[in-house]
Amino acid sequence: MGLKQKLHTLKEKYRGKKMAPAFNALHTFLYLPNETTHSGSHVRAADDLKRTMNTVIMALIPCLIFGMFNAGYQTNLQTDPEITQAMGLFSGEFWNWSNFVIGFWKVLPLVIVSYGVGLAVEFLFAVIKGHEVEEGYLVTGMLVPLIVPIDIPLWMLVVAVIFGVVIGKEVFGGTGMNILNPALTIRAFLFFAYPTWMSGDKVWVHGAVETAGKPDAISGETILGSLAQNNEIGYSVMDMFLGFIPGSVGETSTLLILLGALFLIYTKIGSWRIMLSTVLGALAMGLIFNGVVSAGWIDSSSKFFGLMNTEFWHHLIIGGFAFGAVYMATDPVTASQTNKGKWIYGFLIGFISILIRVFNPAYPEGVMLAILLMNVFAPTIDHYVVQGNVKKRMKRIKVKTA
Amino acid sequence: MGLLSKKDSKLIMDPLADNNPITIQVLGICSALAITAQLKPSIVMAVSVLFVMGVGNVVISLMRNIIPSKIRIIVQLIVVATLVIIVDQVLKAFAYSLSKELSVFIGLIITNCIIMGRFEAFALGNKPWRSFLDGIGNAAGYGVILIIVGFFRELLGSGTLFGFPVLGNPVTKTGLYAIGYENNGFMVLPPMALIVVGIIIWVQRSKNKELIEEN
């Protein structure tokens, strides 16, 4: 008797019992269920929720692997004399086995904790509420390790995941009913609850916390952090684009995120309207700030100078902007649903991201807050888009009948 | 309870649980969010409201037949304002630092909707003794939630209770902090108070399904 048959008998055995959803989830995750629909006609589409989720995960895997290499690279760059500054995309200094090993053992626990705790909460709620386990956590569970600093203590991640899944999703009714993006809720919780572990110059490179204050201290300032303090940055534009910079685990490589974006657009999972308008919004705000600088309204004594003077398109490749625009803003549940709404929603995300980034050095990552804010407004945007459309068509009817 | 008839004790017990002013009627939320970052101000606030509501309800109830109904809100306001000023002055005289900490929120007891609500809904139509019990009951119901919220927010947010470190010292890393525990800074911020109140509402309604409203 194969595993599938065993699971099927288990399912039959537990039918109607309290634990049934837990077994059913395993069953449907691994195999197609044995049941088929018997009555009525149904539209059959291959892109069910599980497939959607898996596609996003596939788009995330390159970022995850790159994140492992980068985590090790950033540490080794400062501690291991054999590792020197990587040059170019295929640099052996970066794609180095010792980099990968360090990063792997740091990132893997984050992934395991994220999935383990999140799925445990999902199973618990499914059993209590008596509904089937939803696939919603599959993507969230992969996003979470990619948007936290490498050295975040695991227990904090546990607390945050429980909070994010329960308060951010389950209280609203589970997958598909949430107002806020759960992964960003988790990150926002960490950010406000444990700010010393989520910002500053100690947490972005593995080992920086333990060595702080010692002679061999590792410094791990992110580019945004340096800019907010009006410091010079020591990274080339190519480094920023390829992702050889400190930052949250999976957010650094704009190149891979771009490839992921193309993949999501090609498979029609992610909305190109949102991605494009988010980029446009950010560029618009960046240009405004550049204009302010070149008009001479502020000079280098201003505390906003560093970030305002950043060339407008650099904003796209530093920090978590690209990652947020591609993987977070496009979340189909929390984004606007109408096409016109998507343009407005995305544009405002980009616009507000850079605004927060520049004007509030205490929150150097404005993307997270901008997306959460626009998540809240997405239904309102949709409402007015729909109402506008209704009005337009009413007018058309009147013209006809008149 | 020999002192209280069944009907009277219901006046006190109801607002404590199934008709709680905060979790069921969702009144008086603003002060519940503002001052519950620590336990001590929460308790002082609870006691202050207890005093204002107990005495205020009795006063309004005594005057209920001579208040012209057209100006009853003004009369109620004057009664509340008088009582709140007494509380404020007493705090300033005997607990100055606490009164600093609570700052404007003692004065804002005047606008606490629970108080005006009970004046309007109960004291204007009931005898002084029953009004007194109703005032005490509602203030206690308000206070219980404040204290629960204050307890969790201070414990998890600052690691202290009444200002005493109970989880160890975060600077010298003793107690829980020695094994890597850290205070949850989010608990100190007002949004978390709202979430804690929300969780209390959730727990209460899932225990007593009758409290869940129909849409």
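What percentage of the contacts in chain A with a separation of 6 or more is accounted for by residues 24 or more positions apart? The figure is 72%, where two residues are in contact if their C-beta atoms, placed from the backbone, lie within 7 Å. The structure is a predicted model, in which local features need pLDDT of at least 70 and side-chain atom pairs count only at pLDDT 80 or more, while totals for chains, interfaces and linings use all residues. Residues are numbered from 1 along each chain as its sequence is written, and chains are lettered from A and ligands numbered from 1 in the order in which they are written.

Chain A holds 16 helices and 0 strands; helices (H or I, at least four residues) and strands (E, at least two) are DSSP runs, numbered from the N terminus. Of the 402 residues in chain A, 47% are buried, a word that applies when 20 or more other C-beta atoms lie within 10 Å of a residue's own, with C-beta atoms placed from the backbone.

The axes of helix 4 (residues 97–129) and helix 5 (residues 137–146) of chain A come within 8 Å and cross at roughly 150 degrees, the axes being lines fitted to C-alpha atoms over the stretch in contact, with angles that run from 0 to 180 degrees between N-to-C directions. On the helix 4 side of this contact the residues include V107(A), L110(A) and V111(A), and on the helix 5 side they include Y137(A), T140(A) and V144(A).

The largest nonpolar core has 139 residues, a nonpolar core being a set of buried Ala, Val, Leu, Ile, Met, Phe, Trp, Tyr and Cys residues joined through C-beta atoms within 7 Å. L190(A), V326(A), Y345(A), I371(A) and V52(B) touch the most other members. Leaving aside residues up to four places away in sequence, V326(A) touches I257(A), G260(A), A261(A), L264(A), G270(A) and M275(A).

Chain B has 9 helices and 2 strands, and from the N terminus on its elements run α-α-α-α-α-α-α-α-β-β-α. Buried residues make up 34% of its 215 residues. Where the two chains meet, the contact takes 8 residues from chain B and 9 residues from chain A.

Methods
Buried ≥ 20, exposed ≤ 12 C-beta atoms within 10 Å, placed from the backbone.
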